[in-house]
Amino acid sequence: MAPTPTGGGSTRIHVVSDVHGNARDLARAGEGADALVCLGDLILFLDYADHSRGIFPDLFGEENADRIVALRTARRFAEARALGARLWAGVDGDRAQVIEQAVRRQYAELFAAFPTPTYATYGNVDMPPLWKEYAREGVTVLDGQRTEIGGRVFGFVGGGLRSPMNTPYEIGDEEYAAKIEAVGEVDVLCTHIPPDVPELLYDTVARRFERGSRALLDAIRRTRPRYALFGHVHQPLSQRMRVGATECVNVGHFASTGRPWVLQW
């Protein structure tokens, strides 16, 4: 199914988020677009829909992946962490190095799939220090920064807020708010996580609220961008809604759909 354009005109931007290892569709995501925007979460640690895929089952097997998904879904996070600790205790080598090697293999494939130009920011599951090694010419990485695409100003804020999931790129509320403030007034505000609106935060399959940003919501109300684009929540209760003058859009779980969201003007 072809992506559905929003608006009309001569500039066409494709937007993806939560790629989670889907390099095959990522390689086609920029077809017909002037640029690709990626809102993070390139890495696949564990596929909650297919427990055989990702770094975790590669290391510990699908049965243990089934167990840890069940614990996390039931919000039994302490038990999930205890299970993870027992499994890691049986792994030869330094845990951080084992993870980094697996992540590097995924990043090599995923960054090679990015079209030119691509504008990208980090997700909460990403490892920012590695991106500069893989972001070749034509791939611009932004975090707390802004750029112009097709005559409109885009602002980018990556990462997530601290949560019981303890994913690699979670930061404190104040640090996140400072990045939002640094971006300032833009036409399109691009983040990985949603603003702190319950309908945008609730995952109907995981049956839990993800963390959203109050600072992001306040900035949307104050600066009134045309669009606020984000991902993070894979099966949101509401995919889009207006906050004042701003259209807030979850651009979709690209790992499962393989389709970019389209913005045209």
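**Salt bridges, fold and backbone of a predicted model**

Colleague: How many salt bridges does the count come to?

Modeller: The model is a predicted one. Side chains of opposite charge can pair when their charged atoms come close. With a cut-off of 4 Å between a side-chain nitrogen of Lys or Arg and a carboxyl oxygen of Asp or Glu, the count of salt bridges comes to 14.

Colleague: Is aspartate 25 buried or exposed?

Modeller: Aspartate 25 has a relative accessible area of 10%. Because buried means under 20%, aspartate 25 is classed as buried.

Colleague: What is the N to O distance in the salt bridge of arginine 76 and glutamate 79?

Modeller: Arginine 76 has 40% relative accessibility and glutamate 79 has a relative accessible area of 39%. Both values lie between 20% and 50%, so each residue counts as partly exposed. The side chains of the two residues meet with an N to O distance of 2.7 Å.

Colleague: Are glutamate 210 and arginine 208 buried or exposed?

Modeller: The side chains of these two residues, glutamate 210 and arginine 208, meet in a salt bridge at 3.1 Å from N to O. As for accessibility, both glutamate 210 and arginine 208 are buried.

Colleague: How far apart are the mean positions of the positive and negative charges of the protein?

Modeller: The protein carries 30 positive and 34 negative charges. The mean position of each set was computed, and the separation between the two is 4 Å.

Colleague: What radius of gyration does the protein have?

Modeller: The secondary structure comprises 10 helices and 15 strands. For 265 residues the globule rule gives 18 Å, and the protein's own value is close to this, so the protein is as compact as a globular protein of that length. The radius of gyration of the protein is 18 Å.

Colleague: What share of the residues in the protein is buried?

Modeller: The protein exposes about 12,000 Å², of which carbon and sulfur atoms supply 47%. Among contacts with a separation of 6 or more, 58% join residues 24 or more positions apart. Of the 265 residues, the buried share is 53%.

Colleague: Where does histidine 20 lie?

Modeller: Histidine 20 has a positive phi, near 40 degrees, although the residue is not glycine. At 8% relative accessibility, under the 20% limit, histidine 20 counts as buried. Histidine 20 lies in the loop between strand 1 and helix 1.

Colleague: What is the phi of aspartate 18 near?

Modeller: Aspartate 18 is placed in the loop between strand 1 (12-16) and helix 1 (23-26). With 1% relative accessibility, aspartate 18 counts as buried. The phi of aspartate 18 is positive in a residue other than glycine, with a value near 55 degrees.

Conventions:
Residues are numbered from 1 along each chain as its sequence is written. This is a predicted model: local features need pLDDT of at least 70, side-chain atom pairs count only at pLDDT 80 or more; totals for chains, interfaces and linings use all residues. Side-chain values use heavy atoms; hydrogens and water are left out. Helices (H or I, at least four residues) and strands (E, at least two) are DSSP runs, numbered from the N terminus. The radius of gyration is taken over C-alpha atoms; the globule rule is 2.2 Å times the number of residues to the power 0.38. Buried means under 20% relative accessible area, exposed over 50%, partly exposed in between (1.4 Å probe, protein chains only). Contact means heavy atoms within 4.5 Å. Accessible areas come from the Shrake-Rupley method with a 1.4 Å probe; for residues, only the protein chains shown count as cover. Lys and Arg count as positive and Asp and Glu as negative; His and the chain ends are not counted. The place of a charge is taken as NZ of Lys, CZ of Arg, CG of Asp or CD of Glu.
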